[in-house]
Amino acid sequence: MSLEKLFHLKENHTDVKTEILAGVTTFMTMAYILAVNPNILSESGMDRGAVFTATALASFIATCLMAALSNYPFVLAPGMGLNAYFTYTVVMGMGFSWQMALSAVFVEGIIFIILSLTNVREAIFNAIPMNLKHAVSVGIGLFIAFIGLQNAKIVVDASTLVTVYSFKSSIKNGTFQSEGITVLLALIGLLITAILLVKNIKGNILWGILGTWVLGIVCQLAGLYVPSPEAGFYSLLPDFSNGISIPSIAPTFMHMDFSKVFTMDFVVIMFAFLFVDMFDTLGTLIGVASKADMLDKDGKLPKIKGALLADAVGTAAGAALGTSTTTTFVESASGVAEGGRTGLTSLTAALLFGLSLFLSPIFLAIPSFATAPALIIVGFLMLTSITKIDFQDHTEAIPAFICIIAMPFMYSISEGISFGVISYVIINLVTGKAKQKKISLLMYILAVLFIFKYIMI
């Protein structure tokens, strides 16, 4: 069967070349998870090599399911934030074993599968008003641009919470050749990517990543960039000194501990994973699908059940393999920005995750300063959805604004949705616009649940 028949390329106004390029771009912007996830989870006592293999396999399985069940260009992998919660809160903070934490992720995945099959998640997606859906897209744009600025260290922590990186300080304290030069390269990469975008060069985001990485390699070979592993700045050259070998998954595979499954602590942890995963995924699907014009005239995503099911099965499979919650990645927006519209984009990314098992030195050598410009540019592209928000109606515009600013400022897609829903319901209810807007019962239930969540935490 041809790729055209499998993925309905013409129907989605795309072609094989565009889809493959989009898949490669998405993979490149999120390949960092292959390095970051093992680092974070290994601090909980898990085997780093096994987590690397589990991360690649979970991403491969879940993303293949996305392509097969929904034909959408979304890519999945163990989520950032959820892996930190797993290690630093559940294991280190609450004293649970990593085996117990994995069992909480597994149970969450099973509940997720049930919710996906019974249309609960689909109903939540459809209940959110159209203006809020556009706001989610804009909020995610600002959020991932902020992540890009942080990854590149253009924006750093300071007494004012955030500030711009100081080149003067880096020269004074001798960190310019390791840290300062990477900030400069990220800024150059941002300009390169922007120029390629303006020139309408096919694959501009991917070429921006590769171009920035190559510039970094040139700087390393010329002695302008000096790796400093203890400070988190590694060689930009792939290291094949250990040859090509896949780390064993045995230390984490099916190592779940269900002995405390009926305790209150376990239930709280499981629901925390469930809540963040559910609304991060819904937010990503809303935001990216809205930007790609995949939503129908009623603001619904036609084959959302398949997308949600892929996410849910991926989470359960990932836990069994030995990694934290697998979720739909917001970086999928970079592939969509390149023109990706079908499951061929996600299948391409999935195959690259499978390939990464054998070529891990190459993928682990791509630095965050090279992918940061891509995230910033994608943030800009997603921000353009702000023009679709009705700013004449303040009962629509203010909740949309609250949703938008909450995502980057609170560093969470799910918090943005929470604040957006709560403010939308309360403002329309108090101003007497609720009946006119025909706010669904589910929106009221969500608002109450979100308020209850903030009382409890």
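Start by selecting Thr371 and its surroundings. Leaving aside residues up to four places away in sequence, Thr371 touches Met28, Thr29, Ile209 and Ile366. Keep in mind that this is a predicted model.

Now show the helix around it. Thr371 sits in helix H17, which covers residues 368-383. Is Thr371 buried or exposed? Its relative accessible area is 5%. The cut-off for buried is under 20%, so Thr371 counts as buried. The side chain of Thr371 reaches the backbone oxygen of Ser368 at 3.3 Å.

Next, go to Leu355. Helix H15, residues 343-356, holds Leu355. With a relative accessibility of 38%, Leu355 is partly exposed. Leu355 and Phe60 are 295 residues apart in sequence. In space, their C-alpha atoms are 9.4 Å apart.

Last stop: a helix pair. Select residues 394-410 for H18 and residues 413-430 for H19. How do H18 and H19 pack? Their axes are 7 Å apart, at an angle of about 160 degrees. Angles over 145 degrees count as roughly antiparallel, and H18 and H19 are therefore roughly antiparallel to each other. Their crossing is right-handed.

Now colour the contact. On the H18 side, pick Thr395, Glu396, Ile398, Pro399, Ile402, Cys403, Ala406, Met407 and Met410. On the H19 side, pick Ile413, Glu415, Gly416, Ile417, Phe419, Gly420, Ser423, Tyr424, Ile427 and Asn428. Colour by residue type: the contact of H18 with H19 has twelve nonpolar, five polar and two charged residues.

Notes
Residues numbered from 1 in each chain as written. Predicted model: local features only at pLDDT ≥ 70, side-chain atom pairs only at ≥ 80, totals over all residues. Heavy atoms only, no water. Axes fitted to C-alpha atoms, helices over the stretch in contact; angles between N-to-C directions. Helix = DSSP H or I, 4+ residues; strand = E, 2+ residues; numbered from the N terminus. Parallel < 35°, antiparallel > 145°, perpendicular 65-115°, else oblique. Left-handed = near helix turned anticlockwise from the far one by under 90°. Contact = heavy atoms within 4.5 Å. Nonpolar A, V, L, I, M, F, W, Y, C, P; charged D, E, K, R; others polar. Buried < 20%, exposed > 50% of the residue type's maximum accessible area, 1.4 Å probe, protein only. Polar contact = N/O pair within 3.5 Å; in protein donor to acceptor, adjacent residues only side chain to side chain.
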